[in-house]
Each structure stands twice: as structure tokens, then as C-alpha cells.
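Have a look at the fold before reading on.

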Amino acid sequence: MPYIAVLTSGGDSPGMNAAVTAIARSAALLNMPLLGVDRGFNGLLGKSPKTDFMELNLEKALDIADLPGTQLRTARCVEFKDKAVQARAAKLLRDMDVAGLIVIGGDGSFQGARALCEQGIPCIGIPGTIDNDLAYTEMTLGFDTAVNVCVDAVRSIRATSRSHDRPHVVEVMGRHCGDIALMTAASTGAEIVIAPEAKRWTVDEIAHRLQSQIDRGNYRSTIVVAEGSWEMMAPFDVYKFLKPYGKEVFEGEPMTAYRFASVLKRKTTMPDGSFPEVRHTVIGYTQRGAQPTARDATFAFESGVLAVNLLQHGVSNRVIGMKHGKVYHEDIEKALKARRPFNRSLYNTINGL
């Protein structure tokens, strides 16, 4: 029988391994041999086909089900935007006797899958990205885990913030989508949240909100910031503001969580006239490298099974998602065009209390 293949692409996310395991189990049940492709679309460039393709039997796949990250490894592949490269990858897959490919990744990965479909390779996409930035689905693989990691971190931070009466800036992931920040803030009672969707937000606006909390007797406010928010901030000269205070800062440097905490410290005052001791934490890769939650693992399981069944029935050019709490599949073109409105109501509620 011809093979089906699976690859993980883009940023790694919790649950990718669980999805690969579900794919392997379903393929084994249907007597469909399975190949794993190493390092995402880079593995399809034909540079090292003997090592970039590996047979995934049940013994190998079952060992990785609960592991964080992706055992197949992942990488971004700018070269794959080239039509000639796409054609070469499709030819390699045909030469390897691959009759269908399952791509686990985000928006860029789905565009790669769509390109292969245009080259005649049947593809199914599974949404694997912690940012939750694919609008056609209610959740993406890894998002729930990332939020829970952030919630645990913020709860610990708030405990020590209370002990010392210190406000705290917490940076979470989310380049273009603020869902992690929004859900984390709502789940932990954080007083301020900043998301990339809040375009042209100002430093003075946040400083005013923090000062309002201090004036009401709350000296331990948490400010949750999505990493992509810095690029959407209204212009602010960090160098010009911090240099007179003797802070080590260089002209033209961008805003960061560390500098933002330093700025907020000097734009607000405690009741005795002193500056509040604003601290900062960047949660970072722990969001992507955690074991998947039960919700993500279940979504991975259902998605993997559905992906294999779709290929087995000759269905292609589809992506799997969640709608009304149930796993379903959608046309890839329609999915990529979907746009999700920002939850402005929740954003305003968090910042307004």
C-alpha cells in the first residue's frame, strides 16, 4: 500500500506528539503505512531523504504520546514559498510513494499544505499553534496548555506581589493574537491586559490605569502583555524617558517588559510619594514546552483520527478544527480567509474594573 505521511511545522506546540500518536494508531488500524517527516517542510526539500523520512510504527509512536514539543522536530521553511520548491517537494513525495500528507501547524503551515494540494498531493491540516490565531476554529492545539502554564505562573507572581505590594508586568506569547494574554488575565484576576489587537495603545494610558489601582489601595496590580503588543504601541521614546533617571538604555532600543516596568515605576507614585517597585517576568518557552492538558490531548486525539479517515476516504484540501465544542473539518481556502473579531468586550471589562 502507498504511504501516508505526517509533519509538524512552524512553532512547536503541546499536543503535537499526541496528534502524531493518534495518526499512527489510526493508520495501523487501517493497515496504512505511515512516514514521519523530520523538521517540517524542510524535510520535503530532498536534501536528506534517507534521514528526513522515517517509518512510524506503533512502538515508536506510543512512546511520544505524552511528551511535550514535537518528536518529529520542526522548523520554519522560507524556501517553500517558491513554486519550484513546492513542485520538487511534491515529486519527492510521489517518488516516496506517499499518497497523502497530514500537516500539523499554523497559518504558514496550512499555506504550505494548500500549495502541495495544488501540486496534486492530498493534504489535511491540523491546527497546531499556541497563539490560537486561526479564526476558523474555536481552539488550536496547544492553546489551552499555554494558557494554563501562564495562569499557574501569574498566580505565583500575584502571591509574591501581594507579599511585597509590588505591581508586576508579565509578558506572555502571542505575536498577532492576544488570546493567551486575555484568557490569562481573566482567569487570574489581573487588573490590566494589553493585546496586539489594541492598536496604538499608549504608555500613559496604562500608567493611568495603574495609578488608578494604586489610588484605590491596590498596590500589587498585574499587567499581562502579549509579546506582539510592543509593535502595536504608540510611539514612545524609552531612551529619552529613562536616561535622566540614570537607567542603562541606548537610543533606538525597543520597548520590552523590563523597560516597560521601569517606565511604569517612574510614571506612578505610591501614597507616600515614592515610586512603586514594579517588577517584570517573561514567561517564555515554558508555554510551548509543557505537557498537553487533557483538553489539548483530547483535541489532538480526535484530530489525528479524523485526519487519517479523511485521507482514507479520498478527501483532501481540508483542515480540522473545533466548532461548538465538536471536531469538524473545513475547506482550507475558506479557513485561511476567516477573520475572528477581537473580544473587545472582555478586554474592556478587565481594564475597566
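Which kind of contact do the side chains of Lys-47 and Glu-79 meet in? They form a salt bridge, at 3.5 Å from N to O, where the term stands for a side-chain nitrogen of Lys or Arg within 4 Å of a carboxyl oxygen of Asp or Glu. Lys-47 sits in the loop between strand S2 (34-37) and helix H2 (49-52), and Glu-79 in the loop between helix H3 (58-62) and helix H4 (83-95), so the pair ties together parts that are 32 residues apart in sequence. In total, the structure holds 15 salt bridges.

Some housekeeping: this is a predicted model, where local features need pLDDT of at least 70, side-chain atom pairs count only at pLDDT 80 or more, and totals for chains, interfaces and linings use all residues. Residues are numbered from 1 along each chain as its sequence is written, and side-chain values use heavy atoms, leaving out hydrogens and water.

Now for the helices (DSSP runs of H or I, at least four residues; strands are E runs of at least two, and both are numbered from the N terminus). Axes are lines fitted to C-alpha atoms, for helices over the stretch in contact, with angles from 0 to 180 degrees between N-to-C directions.

| Helix pair | Axes come within | Crossing angle |
|---|---|---|
| H1 (residues 16-29) and H12 (residues 294-312) | 7 Å | roughly 40° |
| H7 (residues 179-188) and H14 (residues 344-352) | 10 Å | roughly 45° |

With that angle, H1 is oblique to H12, oblique being what is left after under 35 degrees (roughly parallel), over 145 (roughly antiparallel) and 65 to 115 (roughly perpendicular). On the H1 side, the residues that meet H12 include Ala-22 and Ile-23, and their partners in H12 include Phe-301 and Gly-304; contact here means heavy atoms within 4.5 Å. For the other pair, Leu-182, Met-183, Ala-185 and Ala-186 in H7 meet Leu-346, Tyr-347 and Ile-350 in H14.

On to the sheet. Seven strands make an open sheet with mixed pairing, in the order S3-S2-S1-S4-S5-S10-S11; strands pair if DSSP finds at least two bridges between them. S3 (53-55) and S11 (326-331) stand at the edges with a single partner strand each, so one side of each is left without a neighbour in the sheet. Neighbouring strands are turned by 30° against each other on average, direction ignored. Strands S5 (residues 123-127) and S10 (residues 318-323) run parallel, joined by two bridges, and Gly-125 stands opposite Val-319 in S10.
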